[in-house]
Each structure stands twice: as structure tokens, then as C-alpha cells.
Number of protein chains: 2
Amino acid sequence: MRYDSLSKQELEQLYKQEQNAYADCKSKGLKLDISRGKPGREQLDLSLELLNNLKSAEDCIADGFDVRNYGLLDGIPACKRLFAEILNIDESQIFLGGNASLQLMYDTLAKAYTHGLLHSPKPWSQLDKVKFLCPVPGYDRHFGISETFNMEMISIKMNDDGPDIEAIEEAVKDPSVKGIWCVPKFSNPQGVVYSEAVIKRLAALRPAAPDFIIMWDNAYCIHEFDGPYTPIAEILALSASFGNPDMVFEFASTSKITMPGAGVAVIASSKANITYMKKLLSLQTISYDKVNQLRHVRFLKDMKNSLAHMQKHAAILKPRFEAVLGALSKEIEPLGIASWNHPKGGYFVSLDTLPGCAKRTYELCLGAGLVMTTAGATHPYGLDPEDKNIRIAPSYPPIKELEQAIEVFCVCLKLAALEKLLQS
Amino acid sequence: MRYDSLSKQELEQLYKQEQNAYADCKSKGLKLDISRGKPGREQLDLSLELLNNLKSAEDCIADGFDVRNYGLLDGIPACKRLFAEILNIDESQIFLGGNASLQLMYDTLAKAYTHGLLHSPKPWSQLDKVKFLCPVPGYDRHFGISETFNMEMISIKMNDDGPDIEAIEEAVKDPSVKGIWCVPKFSNPQGVVYSEAVIKRLAALRPAAPDFIIMWDNAYCIHEFDGPYTPIAEILALSASFGNPDMVFEFASTSKITMPGAGVAVIASSKANITYMKKLLSLQTISYDKVNQLRHVRFLKDMKNSLAHMQKHAAILKPRFEAVLGALSKEIEPLGIASWNHPKGGYFVSLDTLPGCAKRTYELCLGAGLVMTTAGATHPYGLDPEDKNIRIAPSYPPIKELEQAIEVFCVCLKLAALEKLLQS
């Protein structure tokens, strides 16, 4: 019984029912949170060995270097080799950072703003207008970086195989369009995996701006929770082969492999870009935490072992996504009031309500003690033009709480849809 | 027999002697390095416990928070309390960073450049001219940050009690003078400790620029190696009492307390500044490494225990400084060709050659296999107007190598002085 097939009277009756259900939810005094892609306690416990796998002075020597001391701005060779294998590139293409890949992304665009990138005619702070392409829905923290550096964000529609590549090819003809944000594998929030065809066309772009940058946030590079590891096309080699050797900055981290509060992040790019960035970064830090880089090498060892480790995360995450998707399929699908994706990896379910219902659903959830990602957050400036996208993050709460949360969410979603339908 | 009391003939004879001594040095094929303030191996071993003092999931809970996960942008409360005690301020004045205080100093001035500080009429990138005061000799990495953001650096003479405060009071009348670099305790490289009188006058400055900033790099806050811990005047409270509550950003780190490659750094400032910076930094990172913050809390515990720990460093460092100062006193003092400081803490001996001899001494050292800090590095733009200052860093090499190094250095210093005197 799809809502759009019901009479006004039938809708009103349902509305009363759902109001009662909502009152029930409220009366429970719940405090639930499915707003952020935070690993749960069980996941953190998978990496306990990381805490004390270096014990002695001898343990701290790697490639003949004492990682406890100053030096090695770009990180320890052993950890570069680990990331090079995971990202299928050469270790000379790696710069190792600290705990957050966000910091490295911010730094990259901050350098573009204050000093310019390798091929910038001038620093972006000296330009009248810088535009940046933002596939939507997308990651609020990406948009936050663009906004803080006064970029005009241009939304690009996401399709099932990646962002609308024709729209991108058209947009980059404008020389003030300086870059694009991409989460190529298990995109945040839709879980879209970019197809090889889309990645190739991105690598082959002919932007008018000589310093156009693809911000390739490969946050979920080995983060399948359903099915085997499936690599995506390697964009650094592709872009080089298409004559764009310095167009791509790739980012990754161990935040969702080991510990979000104590991981290792990485920039991967052309040797020329790494050399250029090292020169600028040498003014900013002496090195990131090299002891922690070595802990990660000893713990993750290599690609094979890292993938085996990710299977343990998968075993914890899969039932959580099934709980969410199962509830939606049972409670919402028959009503025809929302659509959502079925991700095989990453951290999110992206749900589209009826137009104009996302904010209201968010507010209702909040009223019943359930914190969701703020409606609109998945769009530049927090403005979702159709007010329909909601991001669900099932990883953090204990499974019982997650089940409660999704139950509350379904009630709120129905109530918001009924309000909308009864208004029109 | 001071060189300036000798005849030309006597100088020529000495010159031949020292040439032979230099040839001897060269023939040994030495590879020595006293260029950077790097702790030695023995010092690193003092903090081995830090490596594995967190072992279990329970160990990672602090103030009810699991430090392994996302969150707490400004760091864990327990570590704020530790630094608050060490710096004699309130924990609400603390922002905890990652491995390098340099990163936090860079970030602070980068924010001034891209966004402006709390009281900036506009971002510094939009100003025609930004001038910055640099006590000289000083720390090359400070000057590097000023230079990369296009500041005009103005040298301020260092006296025995701190930088020339009258020159500073005069300079800050210029509204384009936006700040000053200070290493208030055991200044790099001279080991000068700012007097209470100088610190008070700094705190009471009346700069024309509303966003004038004192960059208070308290890198050696508890780093006495000779004599008991002696606190300096606390500038944050002083500046507030003089009506400049937001004028000072203080920086410190554990780089030379625990491990330079895996420490914790800190910003200390007014609550208003911390709030302002947190807003900007929230776009840049989710948090710095909180597990490492907790390791430091468990290891250093409190001020008392930290001071006891620093005494172990002192026991290692003091003989090294004595080796350097002893050799200089024996070999150089009678000749009247150089002067130097006698620090009680910090990491450096600062030596002044005869005018015009620093670069030549540096080159001669290099030729004999001894790497010193580049001559000129202690001045803005690497330009020492009198070409006389040389920084000696005795901490890193094994003591035998240090003794060799200072022997070579003395030969080179004499040779350079003799060359100079014979030319004139």
C-alpha cells in the first residue's frame, strides 16, 4: 500500500497511527546517535596489538633509522612501502602524515591558497574567483574546506557509476574551475564505486586551469564489508598516461582500519607533486609521528594481512548494515516514500525521502532522542535543494541500539511523509 | 697570547701550524654532525616506557572517553591538565596538537594569513605589508615560517635579559608590525632566559596593530641541565592584567622531554583565542593523536614527575656542554678570537667569531667532515650582517665523537681567524 495510492482519509488515519507510534518513541527517553561514521568498540578492539607492538629501543629501528628521533619529513620507508602496496603505486609517490587525512587534504588546498600548486600561475588567494566541483550528495568536511577558502562550490550529480562525467568535462572548460572532490570507492554517503570508464575520463580531463586538482579521497580503499576486495582503476598512472601527471592528489588513512584517534594518513601523488609539497611542508613540521608509522607497519605488515584484518571489520559491520537495510525494506519500501542505496563497503546508507521531507524527518528524530547527520550536510553550504537526502551511519552504536534507532527513524520518516502528503 | 697582540710573522707561523692541524683532521675522514638540537640515543631510552604503557582497551579510557576513537578536537582533558600544570596556566587555555609544535606555530600564522586572527581587521594575505620582529640570533625555523608568508623580518638585538625591549616598544608603533618571535627560556641559540622585567614590558606592549601577536615558543620550559628548575614569569596572565588578553600564543612540546619523533605539542592562549582557533582548526582535522596524548599522561604523570624525568636528561646533557665549553675555554679563550654563552639549559651554545669569520669557519668544518648549523641560519633570510654567529648543538653525537667534533671546530675557528687577520 504505497502512500500515493491512498485517499486523504486513509492517510489521515495512518497519520494518527504514526503520531501514536512517535509518542511511544518519545516516551522511552532514548539517547541514540547514528550521525557519524565512527567505528564501534568491537572494531577498535581488533587493533589492540597496535598499542604495544614496539617495546624496546631496538624495536624502534627501521631501515637503519631510529624512528623516535627527528627526521624523515615524508615518513619512514617501511610505511611508505605498505601504503604503496595498498594503493598499487610506487613508494616514491607517498608522503606520510599524522592522524588525519583531513589535515593533509586541508593542507593541500591551503597551500594552493597561500602559495599555489606546482602549476599554479599564482596563489589562489590572489584570484577573484575559484570554483570547485562537488559531487552530491557528498562529504560535509570536504565542503567545509572549500568553503573556508572562499571557493564557489558547484554541485555535480552522482550517478551509479560515479559523478556525472559529461557535466564535469563541460565544467572544466571554465578556467576558474580549479578542482573536484572525489570519494572514488564507497562514496560518502552513497557507497558508489566509480567505474573504470568514469575514472579514465576523469584522468583524461582537459581542464582550462593548468593547476586543476582532483582531490581523490580514497578513504575506503580496502573497506569492503560485503564480498571480496575489488580494486578500482589506479588513477595516478592513468592520469600520467593521459598527459596529466600532476593533476591528482590521492588521500587515504588507517582511521577505519586501525584506530581513528591514532592512525596514519597519506598523500599519494606524482613525484613532482610530492617534491613540491615537501618543500612547503618542510616549513610546517619536522615530521609526523614516525613511531606510530612503524607500529602500523608491524601490525598491518602488508596488503594480504591488511585485507585479512579488514575481513574482521566486515564481520562486525555487515550485520549492522543488514539491520538498517532490513528494517527499511520491511517498513518503508512498500510505502513508496523513500529510496536508498545498498552499499557493499564504506560507512553509510544514503536515503532520499520524498522531496521536502529530509529536514522534517531529522527534526522529528531529534525530538525522539535520535541524532542523525544534519539534513543538508551532504550538500555544499548545507543546502540540499530538494531537501531529501539523509545519511545513516550504522557503525557506532551497539546493535540493539542500532535496531532501536532505525525503528525510530522509520516512524519519523513515515510521519514526515504523511505530513507532506496531507498538506498537498 | 691573544692573536691581536701578535706580529704578522708570528701569525704566519701559527697559520702554518693550524694548516697542518687541519690537514690532520681532514686525513681522518671524519663524519661528524653537531648541527641540530637532536637528543641522543641515551636520552631517547629514558622514555621507553612510553612505548607500551597502554596495553588494553580499558587502558584507553580517560575521563570516560575512549581515546582510540574520533572526537575531542582540542585533545584529552587529562593531557590538558598535565600541560596546564607544567605551564602554570588553566586547562581551558590549552589546545593539544600532534607531534610538532612547529606545526601549531605554522598553523597559527597560516590562519592569520588566510583568515586573520581574532582581532584582525582582515586576513594578512590582503595586506600590502606585514612586518615581524625577530630577536637575533634566533631559530631558523621561526624565520622560515615568517618568510613563507611574505613577512618582512626586522632583526631585534638580543641582550642578556631578553630581546632589546626598548627597540620593540618603538617598533610596535608601526601598525604593519604584526608580531614577534620569542624563545623566552634558554633561547635558541644563546640560552638567554628573559628577565621578569622584560617579560612584563612585553606583556604590557601597546602595539598599533590590534592583532599583534607574541609567538611565545616555550620550547625549553623545563629543560634546565645545570641547576634547579627556575620558572620564568607567566606571560598569559601578565598580558591579560595589562589589558592584552589575546596578544600571546604560547607553544610547547614534549619533543625534548620524551621522543622528538612521537611527542605531543600544545598551544596555550586566552580562552577567546582557543575558541577562535578551534573553529578554524575544526575544518582541518578531527583530532590529533589522542592515544599518544594519553601515553604521555601515564608516563609523565604531573609536574613533579616531569621535573624528575628532566633531571635524567640533565645528567646526560651536562657533560656534553662541559666538553664543548671546556674545549673552547682551553683552546680559544686565550686567543681572543671568539665569545660564547654559558647556558644552563636548552640545546645550544651560541658562538661569535671575529666579524667575517663564521661562513669560512663553517666551510672549513664541512671540508673536514664536520657538519655545523649553516652559518647565517640564526638570522632572518640566512643573512648574518656581521658574519659571526655559529650555533653548536652538542646533544646528539656520542661523547667521543663530540670531543672530536669540538677539536676540529677549534682548529677551523683558529684557521679562519688567522686567514682574516693575515688579510687585513
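Okay, before anything else: what we're looking at is a predicted model. Let's begin with the symmetry. If you take chain A and rotate by 180 degrees, with 0.0 Å of shift along the axis, you land on chain B with an RMSD of 0.1 Å. So the two copies are related as by a two-fold rotation axis. And which residue of chain A comes closest to that axis? That's A:N52, with its C-alpha at 2.2 Å.

Now the interface. On the chain A side we've got 44 residues, in contact with 44 residues of chain B. Looking at which elements of chain A give two or more residues to that side, you find α2 (41–45), α4 (101–114), α5 (140–148) and α10 (290–300). The top contributor among them is α4(A), which gives six residues. In terms of class, the chain A side is made of 21 nonpolar, 15 polar and eight charged residues. Why do we say the copies meet through the same surface? Because 100% of chain A's interface residues are interface residues in chain B as well.

Let me stay with α10 of chain A for a moment. How many of its eleven residues are buried? Ten of them, so to speak a mostly covered helix. The buried set includes A:K290, A:R295 and A:H296, along with A:V291, A:L294, A:V297, A:F299 and A:L300. And what's doing the covering?

If you zoom in on β10(B), residues 248–253, and β11(B), residues 265–268, you'll see them run antiparallel, joined by four bridges. One pair to click on is B:F251, whose bridge partner in β11(B) is B:I267.

Last stop, a helix pair. In general, you describe two packed helices by the angle between their axes and the distance between the axes. In chain A, α1 (residues 8–27) and α13 (residues 399–423) pack at about 145 degrees, with axes 9 Å apart. The crossing of α1(A) past α13(A) is left-handed. Among the residues of α1(A) in this contact are A:L11, A:L14, A:Y15 and A:Y22, and those from α13(A) include A:V408, A:V411, A:L415 and A:L418. Altogether, this α1(A)–α13(A) contact has 13 nonpolar residues, one polar and three charged.

And in chain B? Helices α1 (8–27) and α13 (399–423) of chain B also pack at about 145 degrees, with their axes 9 Å apart, and α1(B) and α13(B) make a left-handed crossing. Residues in that contact include B:E12, B:E18 and B:Q19 from α1(B), and B:K414 from α13(B). The class count for α1(B) with α13(B) comes to 13 nonpolar, one polar and three charged. That's it from me.

Terms used
Residues numbered from 1 in each chain as written. Chains lettered and ligands numbered in written order. Predicted model: local features only at pLDDT ≥ 70, side-chain atom pairs only at ≥ 80, totals over all residues. Least-squares fit on C-alpha atoms with pLDDT ≥ 70 in both. Contact = placed C-beta atoms within 7 Å. Axes fitted to C-alpha atoms, helices over the stretch in contact; angles between N-to-C directions. Left-handed = near helix turned anticlockwise from the far one by under 90°. Nonpolar A, V, L, I, M, F, W, Y, C, P; charged D, E, K, R; others polar. Pairing = 2+ DSSP bridges. Buried ≥ 20, exposed ≤ 12 C-beta atoms within 10 Å, placed from the backbone.
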